[in-house]
4 protein chains.
Amino acid sequence: MIIQLQPDISASQKEKLNDQVNGIGYKTTSVKTQLGEYIIGIGKSEFDIRKIGQLDGIKDIHIVSDEYKLVSKKWKAKPTAIDLGDGVAIKDGEMAIITGPCSIESEEQIRKVVQHCVDNGIKMMRGGVFKPRSSPYAFRGLGLEGLKLWYDIAHEAGIKIVTEVMQTSQIEEMYPYVDVYQVGARNSQNFNLLDELGKVDKAVMIKRGISGTIEELLQSAEYVFSGGNEKLILCERGIRTYERASRNTLDLNAIPILKAKSHLPVIVDPSHGIGLRAYVPQMALAGVMAGADGIIYESHEIPEKAYSDGQQTLDFEQSARLAAWIRDSFAMRKNFDLL
Amino acid sequence: MIIQLQPDISASQKEKLNDQVNGIGYKTTSVKTQLGEYIIGIGKSEFDIRKIGQLDGIKDIHIVSDEYKLVSKKWKAKPTAIDLGDGVAIKDGEMAIITGPCSIESEEQIRKVVQHCVDNGIKMMRGGVFKPRSSPYAFRGLGLEGLKLWYDIAHEAGIKIVTEVMQTSQIEEMYPYVDVYQVGARNSQNFNLLDELGKVDKAVMIKRGISGTIEELLQSAEYVFSGGNEKLILCERGIRTYERASRNTLDLNAIPILKAKSHLPVIVDPSHGIGLRAYVPQMALAGVMAGADGIIYESHEIPEKAYSDGQQTLDFEQSARLAAWIRDSFAMRKNFDLL
Amino acid sequence: MIIQLQPDISASQKEKLNDQVNGIGYKTTSVKTQLGEYIIGIGKSEFDIRKIGQLDGIKDIHIVSDEYKLVSKKWKAKPTAIDLGDGVAIKDGEMAIITGPCSIESEEQIRKVVQHCVDNGIKMMRGGVFKPRSSPYAFRGLGLEGLKLWYDIAHEAGIKIVTEVMQTSQIEEMYPYVDVYQVGARNSQNFNLLDELGKVDKAVMIKRGISGTIEELLQSAEYVFSGGNEKLILCERGIRTYERASRNTLDLNAIPILKAKSHLPVIVDPSHGIGLRAYVPQMALAGVMAGADGIIYESHEIPEKAYSDGQQTLDFEQSARLAAWIRDSFAMRKNFDLL
Amino acid sequence: MIIQLQPDISASQKEKLNDQVNGIGYKTTSVKTQLGEYIIGIGKSEFDIRKIGQLDGIKDIHIVSDEYKLVSKKWKAKPTAIDLGDGVAIKDGEMAIITGPCSIESEEQIRKVVQHCVDNGIKMMRGGVFKPRSSPYAFRGLGLEGLKLWYDIAHEAGIKIVTEVMQTSQIEEMYPYVDVYQVGARNSQNFNLLDELGKVDKAVMIKRGISGTIEELLQSAEYVFSGGNEKLILCERGIRTYERASRNTLDLNAIPILKAKSHLPVIVDPSHGIGLRAYVPQMALAGVMAGADGIIYESHEIPEKAYSDGQQTLDFEQSARLAAWIRDSFAMRKNFDLL
């Protein structure tokens with residue numbers, strides 16, 4: 001159960017409320033976010049919702065049978081909008097386009113991608129400065145200095161920054177330079193990292209785990225939300241299956257299902273999903289039709305020379321065309337009366 | 001290697017050709033289809049293609065390194081069109097729409113679906129008369145009598161019939177009443193069935209196996225083609241993964257990959273793919289954008305009363321809207337310069 | 001529900017029984033096997049088992065909630081023993097060892113393997129004469145002639161034959177020469193083949209599908225049993241997962257689960273399971289400890305020269321040692337009070 | 001390439017060596033562990049190993065083509081032994097038994113498990129004080145205080161402690177009380193955690209990721225090793241597949257493969273693997289036969305009352321019997337001349 005509290009609830013009212021909920025055999029957790037205050041009750045016994053609903057200090061009360069609670073559409077039917085400022089948002093009813101290289105490589109590279117974004121009306125740029133690599137001997141990114149450099153250039157051009165945070169110690173140092181913290185697929189169940197991101201007042205985009213279920217992705221989001229941060233975005237980036245003709249199996253089935261289960265916006269990453277440049281546009285457009293609120297894909301001036309992921313990265317010409325097609329497809333989708 | 005023979009090649013020329021190919025250490029298989037005659041050479045040693053290409057009786061010769069040969073785009077770049085007569089075709093550059101119930105249930109049901117197709121300009125109808133069921137105690141379909149009944153009604157209305165064949169003994173008895181033989185996911189590697197369908201001069205649609213790879217699907221098609229039947233259609237219908245929020249994981253990544261590897265048309269089945277009615281339209285439209293040449297989905301007058309698969313079946317109103325959206329999306333996709 | 005009938009039940013008693021079961025809303029299927037006669041009732045409503053149990057002609061009645069019925073341990077706790085004659089059996093409490101090549105290749109090869117079996121007290125030999133191959137251009141086996149040749153040699157030496165049947169038309173022609181019909185992984189849900197094997201009075205070993213669930217394997221066995229043949233053996237041979245370091249993922253978890261759910265004997269195939277010769281012995285012995293009633297593995301005089309599967313085939317020296325270790329391990333396992 | 005350095009190598013010799021290796025186009029990484037000093041060279045060009053091998057300060061040089069280097073058997077054929085002191089070790093040629101509850105719950109519980117270990121000659125105890133939970137509302141463990149309590153009791157009884165570390169900030173505070181740091185399946189690719197554990201001089205047991213490949217597990221171990229810590233243990237705990245009859249699919253195929261590829265000891269966790277109490281003994285014994293160097297399984301005085309994982313936990317009587325069977329099976333396995 002989710003109990004939304006009145007902003008002016010008193011400490012004694014809160015205590016009474018907790019006692020009542022504990023009294024019916026439910027364990028309570030208090031949650032305070034940027035936008036509100038909640039008591040989450042976890043238990044199994046049946047109870048009379050009206051009895052609790054009548055108590056003082058309650059704004060609203062909802063039964064949510066899912067394992068995840070605060071990210072469920074069952075208590076919050078209205079889609080959550082992530083406002084990044086300056087008119088840039090990730091939300092239902094708009095189509096966010098995020099592009100950029102796998103790794104931030106140099107000042108020159110940053111300038112070129114930023115210019116590409118500006119030229120094509122793309123407001124958000126992706127790129128890694130801390131890179132998770134399976135081998136300890138591979139390039140691990142430019143680190144914080146790279147991020148600062150990127151911030152200076154992107155900020156001036158009005159471009160928002162989406163980049164991966166790999167560990168709790170990076171959260172604070174990255175804070176001034178980041179618009180969206182990305183949690184990578186390998187960290188999708190790094191619960192300490194999720195806990196800490198719950199304490200930050202910036203948007204967090206969580207990628208589905210390498211073999212994460214849809215339910216696990218929602219529970220990972222629940223960690224951040226229950227930690228205090230409602231600014232959440234979900235991202236499908238392909239799952240691991242037996243098939244090897246594609247890098248991963250981009251699971252577009254997840255899009256309508258996540259949209260039906262949660263009020264959070266959902267983004268698709270076709271680059272990591274299918275992993276082959278020639279097919280990224282098709283999967284991006286398929287993602288739009290599946291109901292995504294945004295597409296994140298990799299681009300680079302000369303993909304063949306990218307430090308990483310070149311085989312799945314578009315050049316600027318391909319990227320420019322894809323951005324236009326995404327917008328056209330989204331405009332058409334809005335005419336359809338899809339769920 | 002694939003050697004396309006001249007129509008007027010003589011027996012002695014053919015023998016000489018075989019000897020030459022065997023002489024470089026390649027095993028040969030002779031293939032004669034509705035459209036042509038081929039010698040397939042399987043081997044690993046390098047050879048001078050010009051020496052063989054100069055022999056008499058050869059129309060063309062191609063090196064194909066894939067495990068599958070005749071279904072590969074490497075020797076036949078031009079897309080294969082499956083012409084069902086009366087102006088109905090499944091082919092690159094058009095968008096085939098196929099709908100109908102999971103099971104053929106009764107004359108009344110057939111009449112209603114046929115009328116629904118006619119009303120919405122849908123030229124092909126699906127339905128099962130022989131049903132593969134995991135439990136031996138479940139409904140196994142109306143059988144041949146059901147098919148004959150269906151044929152009478154559909155034929156009069158100009159609607160083509162797509163239906164599953166489960167075993168070799170059914171091929172001949174079904175022949176007069178079928179436009180497209182469907183090979184189900186569980187029979188995708190039933191090599192005897194594929195062999196026999198190679199001897200038939202009607203279209204065959206092969207569904208990807210329950211956990212079949214893209215390569216295995218192409219090799220299954222190779223069985224039919226090398227058996228003598230070029231009229232082949234590939235169908236993505238979802239694969240088995242760990243995820244249980246959807247019935248299967250509809251793998252749209254397979255669409256652009258199959259289109260790039262093979263000259264055969266590719267169809268998407270969103271109903272079996274995601275398995276949940278509310279999300280079938282999104283996945284159908286995503287399939288269009290991914291590059292499919294057709295969509296096959298389940299519809300029924302009252303899905304809740306369907307003998308099987310009701311949970312993934314659209315009602316006629318939903319189906320009518322979806323058919324229109326598919327056409328709109330396809331019209332838009334044609335404007336995009338996708339691979 | 002499973003109703004075991006008295007051998008002397010009259011037609012009118014049977015009719016009355018069917019009416020009663022239908023009367024509580026259960027669909028009935030009559031099953032007559034080599035060993036008995038049953039009525040299977042499929043339905044969901046609750047009923048008073050005593051009321052039906054009192055009717056004339058009933059030997060016993062059981063509620064079985066599993067999707068599979070006759071292969072369930074819930075009605076038949078006593079393990080089923082498969083007696084192949086001449087003191088050779090596959091059954092709980094003994095350890096069946098089955099070995100031989102992937103493909104039957106020649107008279108000389110047969111003689112050598114038969115001798116190897118005789119030398120090592122191995123009573124059952126495997127080998128393929130009809131080979132399912134993903135590519136239509138690969139060696140498809142020696143066919144019926146090969147089987148006859150094999151039979152002559154093996155029969156004289158008192159060795160039983162386990163070999164794959166690929167289609168219904170082969171069942172009858174193979175009958176005189178086969179001791180155990182093997183249903184391969186790709187045919188695990190070829191329901192017509194399973195139906196037809198239900199009509200035969202010889203043992204059938206069903207391999208788990210390439211990505212078959214444990215439940216599906218039991219339902220495939222139910223097809224054969226309900227078709228009239230109780231002589232069934234289940235075989236775990238590895239499933240398809242994302243892991244590529246092994247050919248398949250031999251799923252030994254299936255062994256204790258199958259033994260707990262069904263009364264049928266369970267065999268393990270480590271050769272196809274892990275697919276790498278050096279590790280076949282470890283997986284075979286692990287299979288013994290997991291609770292298997294038998295091990296089937298590939299052996300060949302010179303594995304490097306085998307027509308197929310050489311990389312997972314043991315030579316005779318390795319095979320002789322493995323057979324001894326299997327027996328030692330089984331002798332030890334019998335001392336443990338495992339489930 | 002791995003270059004093992006002489007203990008007395010001079011700084012200038014090291015510099016010259018680095019220059020030479022860089023000179024052939026290889027990127028170098030310096031690694032200094034408790035036991036030695038290495039230069040890892042990563043590159044693709046061919047070179048004359050003798051030329052580099054002749055340089056001063058080199059103890060040995062090896063070509064290792066695997067992605068992982070220092071954990072590969074290709075340079076260190078001799079199995080690594082993990083000595084925990086007081087005669088307790090995890091190593092090839094011995095059979096480590098580790099048992100205990102999923103979660104450390106209370107002083108009384110700790111005392112009972114420790115006594116159970118003492119009574120049965122079990123020298124290592126497992127238990128979680130920091131618990132990774134998919135839901136933020138679930139019990140997260142007793143934390144550091146629980147660990148201290150456990151340490152006092154276990155230490156007195158001579159029992160070693162194996163417990164999970166979830167984040168870098170816990171490494172130092174846990175250090176005095178831990179004998180083996182366990183990296184859980186969800187953190188198997190938490191590269192920052194692995195980096196930090198490389199700086200610690202205590203044993204680290206890395207569990208295979210939820211859908212981790214065998215290669216990825218070895219690369220995760222490479223992180224710790226190249227960070228400076230050679231005291232590594234690998235643990236198979238089941239992978240995620242489509243099958244749901246078991247909690248996970250314990251992949252025993254991984255055991256002989258890991259043993260063949262790496263010099264590190266390999267442990268099997270049947271409790272998380274199959275996830276069902278009744279089948280844990282079978283899978284444990286199967287793990288022994290597959291070649292494991294140790295078994296880690298869950299036990300609790302009253303499994304039904306355990307805070308977590310009760311369904312896969314043995315009671316003390318079952319545990320005592322299993323420990324004896326593991327030893328018997330291992331004694332037998334040693335007689336077999338397995339790879």
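Asp86(B) sits in the loop between strand 5 (82–85) and strand 6 (88–90) of chain B; helices (H or I, at least four residues) and strands (E, at least two) are DSSP runs, numbered from the N terminus. The model is a predicted one, so local features need pLDDT of at least 70 and side-chain atom pairs count only at pLDDT 80 or more, while totals for chains, interfaces and linings use all residues. Residues are numbered from 1 along each chain as its sequence is written, chains are lettered from A and ligands numbered from 1 in the order in which they are written, and side-chain values use heavy atoms, with hydrogens and water left out.

Most residues other than glycine have a negative phi. Asp86(B), though not a glycine, has a positive phi of about 55 degrees. Asp86(B) is also exposed, with a relative accessible area of 68%; here buried means under 20% relative accessible area, exposed over 50%, and partly exposed in between (1.4 Å probe, protein chains only). Asp309(C) is another non-glycine residue with a positive phi, of about 65 degrees. Asp309(C) is found in the loop between strand 14 (294–298) and helix 11 (316–335) of chain C, and at 14% relative accessibility it counts as buried.

Chain C also holds helix 1 (residues 11–23). Just after the helix comes Gly25(C), with a positive phi of about 90 degrees.

Another spot in chain C is His263(C), in the loop between helix 8 (254–261) and strand 13 (266–268). His263(C) is buried, with a relative accessible area of 2%. Leaving out residues up to four places away in sequence, His263(C) touches several residues, among them Leu70(C), Trp75(C) and Phe225(C), where contact means heavy atoms within 4.5 Å. The backbone oxygen of Leu70(C) lies 2.7 Å from a polar atom of the side chain of His263(C).

Now for how the chains meet. Chain B can be laid on chain A with an RMSD of 0.0 Å by a turn of 180 degrees and a shift of 0.0 Å along the axis (superposed by least squares on the C-alpha atoms of residues with pLDDT of at least 70 in both). The two copies are thus related as by a two-fold rotation axis. In chain B, Ala286(B) comes closest to that axis, at 2.0 Å (C-alpha).

Between these two chains, 42 residues of chain B are in contact with 42 residues of chain A. Together they bury about 3,400 Å², 71% of it on carbon and sulfur atoms; buried area is the accessible area (1.4 Å probe) that two parts lose on being put together, summed over both. Tyr242(B), Asn253(B) and Gln282(B) supply 19% of the area that chain B buries against chain A. For chain D and chain B, the buried area is about 420 Å².

Methods:
A polar contact is a pair of N or O atoms within 3.5 Å; within protein, one must be able to donate a hydrogen and the other to accept it, and residues adjacent in sequence count only if both atoms are side-chain atoms.
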